[in-house]
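Welcome! Here is a friendly set of questions and answers to go with the picture.

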Amino acid sequence: METTDVHIPMKDLFFSLPEAVVVGNGEFPSHEIPLQVLDSSSLVICCDGGANSYIESGRTPQFIIGDGDSLSTDNRTRFADRFLHSSDQETNDQTKAVRYLHSKGIRRIAIVAATGKREDHTLGNISLLQEYLHMGMEVTMLTDYGFFVAVRGTQTFKSFAGQQVSVFGLQTQGMRSQGLKYSLYDFTAWWQGTLNEAEGKEFTIFTEGEYLVYRTYQKKDSNLL
């Protein structure tokens, strides 16, 4: 299968680089964009077992947070000086990391390695972006294929012609769009806002309420149906 070149440079993913990066316990990234974001950050906090893959990649975390149940015995001993133990069972390690950064006054963060391995964990981690929005955080979740953001109200997004876009909004009023191939409306099911496409360098979503936006790094592969 042929793939296209990356069409959106790292500098255009954010208004500025994130203040910190959270590494989850999903599939460790292999795409250059999440890896660049990860390696450009001055602060990296790993979610428990996510530290295993991060350390195996040759990197050293500043902090590891969680209850330690999925962190290897060797890494727990080796990095005991930066392990932040949290046995709270009412939330997951990703949210523990986000709340820790929030407590330190950090608001603009990226999350990597939050998807893959288990679909239930993937859905849960993505859905938590709305909770972080309520906390006043600016969070971008990057995968090997694209990135999610949770926003509210009318917003304009950087883009490129042919970029694949999906919008998930179940709590919106009067949703409409400019710069997308297919018109938006107030959805009643998750799938209704998927598989859209940007027509140029930006698109705007007009609405009241909260929603998730997913954008790919590349144009749609012509070999994919």
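Q: How many salt bridges does the structure hold?
A: This is a predicted model, and side-chain atom pairs count only at pLDDT 80 or more. One of the salt bridges joins Asp39 and Arg59, and another joins Lys96 and Asp93. In total, the number of salt bridges is six.

Q: How far apart in sequence are the parts that the Asp39 and Arg59 pair ties together?
A: The closest N and O atoms of Asp39 and Arg59 are 2.7 Å apart. Asp39 sits in helix 1, while Arg59 belongs to the loop between helix 2 and strand 3, so the parts tied together are separated in sequence by 20 residues.

Q: Is Asp39 buried, partly exposed or exposed?
A: Buried would need under 20% relative accessible area, and exposed would need over 50%. Asp39 has a relative accessibility of 46%, so the word for Asp39 is partly exposed.

Q: About how many helical turns separate Lys96 and Asp93?
A: Lys96 and Asp93 form a salt bridge, with 3.2 Å between the closest N and O atoms, and both residues are buried. They are three residues apart in helix 4, so the separation is about one helical turn.

Q: Which helix holds the salt-bridge partner of Arg99?
A: The side chain of Arg99 meets that of Glu131 in a salt bridge, at 3.4 Å from N to O. Arg99 is partly exposed at 40% relative accessible area, and Glu131 is partly exposed at 30%. Arg99 lies in helix 4, and the pair ties together parts 32 residues apart in sequence, because Glu131 lies in helix 5.

Q: Are the rings of Phe63 and Tyr100 stacked, tilted or edge-to-face?
A: The count of aromatic pairs comes to six. For Phe63 and Tyr100, the ring centres are 5.6 Å apart and the planes stand at 55°, so the pair is tilted.

Q: Where in the chain is Tyr100, the partner of Phe63?
A: Phe63 is partly exposed, with a relative accessible area of 26%. Phe63 is in strand 3, and its partner is 37 residues apart from it, so to speak a link between distant parts of the chain. Tyr100 is in helix 4.

Q: Are the rings of Phe157 and Phe203 stacked, tilted or edge-to-face?
A: Phe157 in strand 8 and Phe203 in strand 11 are 46 residues apart, and both are buried. Their ring centres are 5.1 Å apart and their planes are at 25°, so the pair is stacked.

Q: Which residue in strand 3 is the bridge partner of Cys46?
A: From strand 2, Val44 and Cys46 point one way and Ile45 and Cys47 the other. Strand 2 pairs with strand 3 in the parallel sense over three bridges. In strand 3, the partner of Cys46 is Ile64.

Conventions
Residues numbered from 1 in each chain as written. Predicted model: local features only at pLDDT ≥ 70, side-chain atom pairs only at ≥ 80, totals over all residues. Heavy atoms only, no water. Buried < 20%, exposed > 50% of the residue type's maximum accessible area, 1.4 Å probe, protein only. Helix = DSSP H or I, 4+ residues; strand = E, 2+ residues; numbered from the N terminus. Pairing = 2+ DSSP bridges. Phe/Tyr/Trp six-rings, centres within 6.5 Å; stacked < 30°, edge-to-face > 60°. Salt bridge = Lys/Arg side-chain N within 4 Å of Asp/Glu carboxyl O.
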